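Hi,

Here is the structure I said I would pass on. Have a look at it first, and my notes on what turned up follow below.

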Amino acid sequence: MVRKVVITGMGIWSSIGTSTTEVETSLREGRSGIILDRERLTYGYQSGLTGVVKVPVLKGLLDRHLRRGFSEEAEYAYMASLEAFRMAQIDDAYLQANEVGCIFGNDSSAKHVIEAARIMEEKRDSELLGQNYVFQSMNSTVNMNLSTAFRLKGVNFTVSAACASGSHSIGLAYMLIRQGLQEMVLCGGAQETNYYSMASFDAIGAFSRRMDEPTKASRPFDRDRDGLVPSGGAAALVLEDYEHAVARGATILAEVKGYGFSSNGTVSISQPSDEGCCVAISRAMKDAGVEASDIDYINAHATSTPLGDMYEAMALGRLFHGQHALISSTKGMTGHECWMAGASEIVYSLIMMHGNFVAPNLNFENPDEYSEKLNIATRTTEAELKTVLSNSFGFGGTNSALVIGELRK
């Protein structure tokens with residue numbers, strides 16, 4: 001029997017808020033979380049733009065022994081997961097009595113790798129590294145820390161798929177629950193925000209240079225976009241088998257209706273593809289049993305890069321031209337949250353669904369020849385959202401699309 005998969009909890013720790021309540025206000029008001037960080041310029045960046053994320057305070061929430069093994073992104077993920085579990089009405093007693101899985105998207109842990117390398121270069125003695133760098137520096141740092149802190153007993157692994165990591169983590173959790181292999185999975189994405197982690201992106205000229213106007217730098221789909229703005233944090237979701245959720249009296253936020261994926265198959269590692277986008281989106285809609293006319297809102301991947309936005313606009317034009325779906329990229333407010341983006345944008349979409357509005361595609365002032373064909377929301381728009389599509393694409397040609405919506409009875 002194919003099971004229905006529902007969302008019963010969500011949590012967020014981002015540049016536009018550290019709770020779903022704060023984030024809703026930011027989304028409604030079109031409030032940007034982007035600043036100019038001069039420390040990045042001193043370090044040698046060409047662009048000092050970044051989304052600024054509040055540092056979590058874990059003291060009093062976790063004992064010192066556990067805290068020492070947490071990386072920056074694991075701290076963000078822990079805070080988001082606390083909110084998600086609270087919303088899902090999952091307490092410690094439940095976690096100890098039941099099997100709950102953990103799948104998170106994360107594709108780097110640069111800070112602790114670099115710090116450990118520096119100690120080795122200076123001191124030439126591995127004993128000085130202590131016992132914590134190994135747990136902080138692995139890509140699986142988020143999963144291993146969350147599974148230990150919450151003492152989770154189910155599936156436990158990391159999805160490392162560039163900027164589609166968070167979306168794929170939700171898709172895989174959905175598949176496991178639908179097939180009856182898990183009843184509940186904590187899933188999401190996390191992204192470190194320290195300046196070590198983004199230098200290689202800056203090196204290839206991926207970042208906006210609009211440093212005189214930080215809040216106007218991220219311009220998804222706009223003709224005058226000149227690059228993305230790096231950002232981060234974490235987003236967490238509790239996915240659950242529908243019957244299991246009903247049996248324990250959980251509040252159901254939405255149903256995960258479909259998951260689609262593809263690989264571009266191009267010769268360039270950084271080359272986007274409208275065809276690859278179309279395949280992932282079409283597969284997600286087929287899995288959900290919906291048509292283009294059923295989609296009310298599309299949370300676009302659009303990161304504010306010249307090529308990436310162009311190819312996604314081409315794909316969306318092919319599939320949704322003439323349809324009623326409103327389109328916006330929340331990255332105009334948040335910047336590009338990279339490994340967490342596919343998960344955070346599901347949280348943003350859920351907030352919009354429950355608030356009956358679409359957040360604006362910030363800084364969309366002049367369309368180009370591809371985006372002018374799209375139904376882009378330039379301001380906060382009141383709308384009833386029953387079915388939502390969220391897109392995520394990454395280097396190496398990895399594509400993911402998710403369809404969420406009201407529960408089908």
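Let's start in helix H1: glutamate 24 and arginine 28 are four residues apart there, which means that about one helical turn separates them. (Helices are DSSP runs of H or I with at least four residues, strands are runs of E with at least two, and both are numbered from the N terminus.) The two residues form a salt bridge, with their closest N and O atoms 3.2 Å apart; the term stands for a side-chain nitrogen of Lys or Arg within 4 Å of a carboxyl oxygen of Asp or Glu.

Before going on, a word on the source: this is a predicted model, where local features need pLDDT of at least 70 and side-chain atom pairs count only at pLDDT 80 or more, while totals for chains, interfaces and linings use all residues. Residues are numbered from 1 along each chain as its sequence is written, and side-chain values use heavy atoms, with hydrogens and water left out.

Back to the pair. Glutamate 24 is partly exposed at 27% relative accessible area, and arginine 28 is partly exposed too, at 31%. (Buried is under 20%, exposed is over 50%, and partly exposed is in between, using a 1.4 Å probe and protein chains only.)

Serine 26 also sits in H1, which spans residues 20-29, but with 1% relative accessibility it counts as buried. Leaving aside residues up to four places away in sequence, serine 26 touches Ile16, Arg31 and Met333; a contact here is heavy atoms within 4.5 Å.

Arginine 31 has a salt bridge of its own, to glutamate 29, with 2.6 Å between the closest N and O atoms. Arginine 31 is partly exposed at 40%, whereas glutamate 29 is exposed at 53%.

How many salt bridges does the structure hold? There are 17. Another of them joins the side chains of aspartate 92 and arginine 151, at 3.3 Å from N to O. Aspartate 92 belongs to helix H5 (residues 92-97) and arginine 151 to the loop between H8 and S5, so this pair ties together parts 59 residues apart in sequence.

(Axes are lines fitted to C-alpha atoms, for helices over the stretch in contact; angles run from 0 to 180 degrees between N-to-C directions.) S1 (residues 5-13) and S8 (residues 254-263) run antiparallel and are joined by three bridges, and isoleucine 7 has alanine 254 as its bridge partner in S8.

Last, methionine 138, in the loop between helices H7 (133-137) and H8 (141-149), counts as partly exposed at 36% relative accessibility.

Best wishes

Definitions and conventions
Two strands pair if DSSP finds at least two bridges between them.
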